[in-house]
Amino acid sequence: MVPNFSCNPRFLNWKDTSEALASGSSPELSIISKTLSLGFLTFMARILAFDYGTKRIGIAVTDPLQIIATGLDTVHPKDAIEYIKKYLLTEQVEAFVLGDPKQMDGTDSDSKQHVKGFSTLLKKAFPTIPQHWVDERFTSKMAHQVIMQSGLKKMDRRDKDRVDTIAATIILQYFMETNRL
């Protein structure tokens, strides 16, 4: 029996997938080629996003099919590279997305130098993983709004780790939306 992977509209069933790969005529070819390996379906690698701060880094991650962005964790900047190394032992990551701190007029903010330093550390530790930058203006404000609307108690809404993780999730969601096929 041929397995049918058509539960997600972005993917075709196995028969259609093999025919599309053979003909090269399918618009989903780039997605399919990232999800097929040796004749059976595998998952795409995840994408990690970072909302960098000098006290905390919010981290978000996609699901294996790169459909949903979810908050992963918040770590201290000095622990970030080690955290990512441990994460990569269990998960494949195809790209990093960094929040690009900008002022209202579009110029770099003062914190840009810190994010650039973190980017350099990422490049040294993980030279094969590409980096993408996304404008992070308003992500913290949007994260606060999400928390306010969530119905959390007042003390829980003050949790800065939660704000940073949600901001990273917003950065990742924006990246995914602007890079869809």
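**A tour of the salt bridges**

Begin by selecting lysine 112 and aspartate 100, which form a salt bridge whose closest N and O atoms are 2.5 Å apart. Lysine 112 belongs to helix H4 (residues 112-125) while aspartate 100 belongs to strand S6, so this pair ties together parts that lie 12 residues apart in sequence. Keep in mind as you look around that the model is a predicted one.

Now colour the two residues by accessibility: lysine 112 counts as buried, at 10% relative accessibility, and aspartate 100 counts as buried as well, at 9%.

Lysine 102 counts as partly exposed, because its relative accessibility is 25% and the buried class ends under 20%. With the three residues shown together, you have Asp100, Lys102 and Lys112 linked in a network of salt bridges.

Next, move to glutamate 91 and arginine 46, a salt bridge in which the closest N and O atoms are 2.9 Å apart. This pair links distant parts of the chain, since glutamate 91 sits in the loop between helix H3 (80-90) and strand S6 (93-100), whereas arginine 46 sits in strand S3 (residues 46-52), 45 residues apart. Glutamate 91 is partly exposed, with a relative accessible area of 28%, while arginine 46 is buried, with a relative accessible area of 15%.

To finish, widen the view to the whole structure, where a search finds five salt bridges, among them the pair of glutamate 91 and arginine 46 and the pair of lysine 112 and aspartate 100.

Definitions and conventions: Residues are numbered from 1 along each chain as its sequence is written. This is a predicted model: local features need pLDDT of at least 70, side-chain atom pairs count only at pLDDT 80 or more; totals for chains, interfaces and linings use all residues. Side-chain values use heavy atoms; hydrogens and water are left out. A salt bridge is a side-chain nitrogen of Lys or Arg within 4 Å of a carboxyl oxygen of Asp or Glu. Helices (H or I, at least four residues) and strands (E, at least two) are DSSP runs, numbered from the N terminus. Buried means under 20% relative accessible area, exposed over 50%, partly exposed in between (1.4 Å probe, protein chains only).
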